[in-house]
Amino acid sequence: MTERLPVLAVVGAGPAGLAAALAAAARGVRVVLVDSAAEPGGQFYRQPAVGLGARRPQALHHQWRTWERLRDGLASHLAAGRVTVLNDHHVWCVERESARFVVHALRGPEQREAASVAADGVVLATGGYEKVWPFPGWTQPGVITAGGAQAMLKGGLTLPGRTVVVAGTGPLLLPVATGLAAAGADVTALVESAAPTTLVRRSARPRDAVRLARTLAAQPGKLAEATGYAAQLVRHGVRLMVRRAVIEAHGRDRLESVTVAALDPEGRPVPGTAQRLACDTLAVGHGLLPHTDLADGLGCRLDGAGVHVDDEQRTDVPGVWAAGEATGIGGAALSLAEGHIAGRSAAARLHGTAPDPRDWAPAARSRTRLRAFFATLERAYAAPVRWVENVTDATVVCRCEEVTAGAVREAVGSLGAGDLRTVKLLTRAGMGWCQGRMCEPGVAGVAGCDLTPGRRTPARPVPLGILAAPPPPEATTTP
């Protein structure tokens, strides 16, 4: 009788998930790769829809050769039967049943069909989602997230508008602005609330400055990448406005212009510096947050905003690993390193042996350097301290439930709410379709509460019929 190979479910087919799947499959583990998109790649390697017939998709990406290696490696494992890919599967829960795990998903365009995967171990490579601080007018048609603009361009070969302002804070704004400009959009300005000198100012002591210089010098590729983006901004005539922010969006039926103002050291608009920029699209983002819903539902410990992992990328729940943005925002290269380590560790552990960390020493060194680098970036791109003062009482902070900042302030000031859960119960902020993912940071800021991740089970809306009726045996997919 043939011995059954262990099965590893990898949730998420971005850089971390792909790296984990390839590493585990190469070491005798059957891998089921589950992802919500139509094709593997995640946001970073998002591919145009096949029907669009893109002739040069590589023009929308950098690190294309890395993607080709991942793509070809996946194809090889698929052909050999070592990997099964389940696209268009939206995971809403992972639970432990006896000694195994069951990954529950919704499949199909309407997400009304139940599917499940039984596995011996799970790698959570669930990525991150965008954070946007609210401001007056941010719900206008024509205001989208920076990542949303990038997704439209990469996946649909579509520009979000003709005249675009890219604003917010964080390294994502650079590829968004340059990508839109290269594709033909008139990018009026890149409005960044941080500034290049922020890094230096936040390292006032000589010892800190030396440590900072070493951290940056350890990643010359990242500095060269930033320099390349800067050159593209100049080539396309994109105006770079630093230490400034969009404080209001204007329009009747849709966006027509935005008001930009300089910020003082505390992040408040400087009187007399406001100016209007005409545009039909505002692509705005203030960084990313880790997607931790599935990990939290399993009872995994969180470390700040991300999932806590050890040197093998193991969570504190036996049989569960996490890699990539779910453990902390750090970009594609860090995700690849963490995914590779998680896949190797999972393969060894599922075979009943202790892995040798020397097998992934290069990936571990890369992980250490990149974590230090992105910790430095996180400090540099911190949100303006006093941004909430610009949020008027009439500003909608929860789009789904149309809750205003005034309602949140009333819940805190008059009704005694002292935490996000109580604010949610009193105002319905966070009870809508997005389950607080879009509004939670803004609501927390307006309420003056700590942004503490809350357990969301299920992790996405699920039809009551699926919750009420357990799936039949044939609905369970086991390689």
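Guide: Look at helix H11 (residues 405–413) and helix H13 (residues 440–447), which pack at an angle of about 50° with their axes 9 Å apart. This is a predicted model, where local features need pLDDT of at least 70, side-chain atom pairs count only at pLDDT 80 or more, and totals for chains, interfaces and linings use all residues. Residues are numbered from 1 along each chain as its sequence is written, and side-chain values use heavy atoms, leaving out hydrogens and water.

Helices here are DSSP runs of H or I with at least four residues, strands are runs of E with at least two, and both are numbered from the N terminus. Axes are lines fitted to C-alpha atoms, for helices over the stretch in contact, and angles between N-to-C directions run from 0 to 180 degrees.

H11 and H13 are therefore oblique to each other; under 35 degrees would count as roughly parallel, over 145 as roughly antiparallel, and 65 to 115 as roughly perpendicular, with the rest oblique. Their crossing is right-handed, a label used if the near helix is turned clockwise from the far one by less than a right angle.

Now for the side that touches: from H11, Ala405, Val408, Arg409 and Val412 meet Val443, Val446 and Ala447 of H13, contact being heavy atoms within 4.5 Å. Six residues of this contact are nonpolar, none is polar and one is charged. Here Ala, Val, Leu, Ile, Met, Phe, Trp, Tyr, Cys and Pro count as nonpolar, Asp, Glu, Lys and Arg as charged, and the others, Gly among them, as polar.

Elsewhere, helix H1 (residues 15–25) lies across strands S1, S2, S3 and S7, at about 165° to S2. Helix H2 (residues 64–80) packs on the sheet too, touching S2 and S3, and its direction makes about 110° with that of S3.
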